[in-house]
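Reader: Hi! Could you walk me through this model before I set anything up?
Author: Happy to, here it is.

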Amino acid sequence: MLGLGAPRQRDWKLGEKRKFEFNPKLGIDNPVLSLVEDHDLSGLWSLEPPRFCLLSKENGRNFGFHLKQELGGAGPVVCRVEPGTSAQRQGLQEGDRILGVNNHVVEHEEYAVVVRHIRASGPRVLLTVWTQHVHDVTRAQQGNDAHLCPTLGPGVRPRLCHIVKDEGGFGFSITYRHQGHFWLGLSPGGAAERAGVPPGARLLEVNGVSVERFTHSRLSRKIWQSGEQVTLLVVGPEVEEQCRRLGMPLAAPLAEGRALPNKPRCLHLEKGPQGFGFLLREEKGLDGQLGQFLWEVDPGQPARKAGMQDGDRLVAVAGESVEGLGHEETVSRIRAQGSCVSLVVVDPEADRFFSMVRLSPLLFLESPEVPTSPQDTCSAFLVDTKDPPVEDTATPFAPCGSCQCVLYPGPGGGYGFRLSCVASGHCLFVSQVTPGGSADQAGLQMGDVILEVNGYPTGGENNPEKLQQLAEAQPPLCLKLAARSWQGWEAWIPQGSQEVSALASGLL
């Protein structure tokens, strides 16, 4: 795995504007340099610089951490790190705040947006994080509008270059200094230069495999085994210098594609009299993991007219990754789009390519279709029950009947509501509903009290633990609730009580 960023350091001393100091403990120049040239951020990282965690999914499953959104909090917080996972090995910690996902600044984004970026990153993701304490102190010093996340400048990115051999070969030579450090010399007008390899490029990966531990002979053998074409992850001197200054690893999820042989396709379908004209089937993909594949594409029907082909793998619905979702939930997300649906797909050849380089096709989608409103990807409905009104002695007034609310996740996996509990209370209640979201469509209201989640009662003590259990419940989410008026809910909260953290995600 390529560079993991700077070790944790708590005594960074920043110089004047446009100045930097060499830190002998870290062996790198002060990473604020490239930022203070544009903004006076002296003292911004005086407590501790942000950390970079380059995570990989293991066995195609997950990265090994849980994320939650706190009420009134500035962005999502890591609430749990699974032992023995990539997240733990790369230094992600409980309480870390997510500032960036790959090269996207998400420190001011909602929970659903952050999860969307993480899921769209596929098998590898680079997270920029800060401990909650350092984040809160810096926010107090700099204000809520300050941007704390370091990013690469426009066009300054590693490159994923696909090179096809011509009569002059691949068009590059290799300069070798010591193990794992290789630079490419380009033949003028050769295949590598035409594929977008920059002058003086350093080689990071060959066909998705890191060369960090390669010897020169092993690298030569790897390239020879590639045959007539090879895909290289490279970084130019300017990018390497900027990453060095920021302490940022040279990570593949940051890359831009150059001359790639295959790309994801975005299909826009409008339902006809006989439907969309395709069959969605769950089966094992190239990586051995279950995926959603498109078959029986009928000639003359909307799917075929939009460019769908038999054997295409479904990557996203309305811009939202469906990787790891089950068949029923994927079908529900498609149906929730109504008569018009936007799908991102890859054909078998493209699927093999992106599986080889271990990157998500969504990272290279030229015009990703992102829903403009939550209702574009939400699915929810209410089911009336015959249960009598529930007696509740823990509150000063009785609930007005009960019903079941069945929710499917919306954008990024969120349900569109926040759940809280009061320290002196004995039940969980809805404290916020996102307009147009899944919960809003289902009729969930502020003040509704959750009685059961997927058949399990929520009453009694240990409400924070119950919040976590609710956050980790697998969709669909079936809530049995007792509706209250908002006025009654306000009167019920004890004076000076404090809301506990709100809805969190499942495992990422």
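Author: What follows is a short chat about the fold, the cores and one glutamine.

Author: A word on conventions: this is a predicted model, where local features need pLDDT of at least 70 and side-chain atom pairs count only at pLDDT 80 or more, while totals for chains, interfaces and linings use all residues. Residues are numbered from 1 along each chain as its sequence is written, and side-chain values use heavy atoms, leaving out hydrogens and water.

Reader: Thanks! How many helices and strands are in the protein chain?
Author: The protein chain has 13 helices and 29 strands. These are DSSP runs numbered from the N terminus: H or I of at least four residues for helices, E of at least two for strands.

Reader: And what percentage of the residues is buried?
Author: Of the 508 residues in the protein chain, 53% are buried. Buried means under 20% relative accessible area, exposed over 50%, and partly exposed in between, with a 1.4 Å probe and protein chains only.

Reader: Nice. Which residues have the most contacts inside the largest nonpolar core?
Author: Those are Leu126, Leu160, Met248 and Leu362, in a core of 32 residues. A nonpolar core is a set of buried Ala, Val, Leu, Ile, Met, Phe, Trp, Tyr and Cys residues joined through side-chain atoms within 4.5 Å.

Reader: Which element gives the largest share of this core?
Author: That is α10, with four residues.

Reader: What does Met248 touch?
Author: Leaving out residues up to four places away in sequence, Met248 touches Phe52, Leu126, Pro150, Thr151, Leu152, Cys243 and Leu254. Contact here means heavy atoms within 4.5 Å.

Reader: Switching topic: where is Gln292, and is Gln292 buried or exposed?
Author: Gln292 sits in strand β18, residues 290-295. Gln292 counts as buried because its relative accessibility is 2%.

Reader: Which side chain does the Gln292 side chain join in a polar contact?
Author: The one of His327, at 3.0 Å. A polar contact is a pair of N or O atoms within 3.5 Å; within protein, one must be able to donate a hydrogen and the other to accept it, and residues adjacent in sequence count only if both atoms are side-chain atoms.

Reader: Last one: how many disulfides are there?
Author: The count is zero, taking a disulfide as a pair of cysteine sulfur atoms within 2.5 Å.
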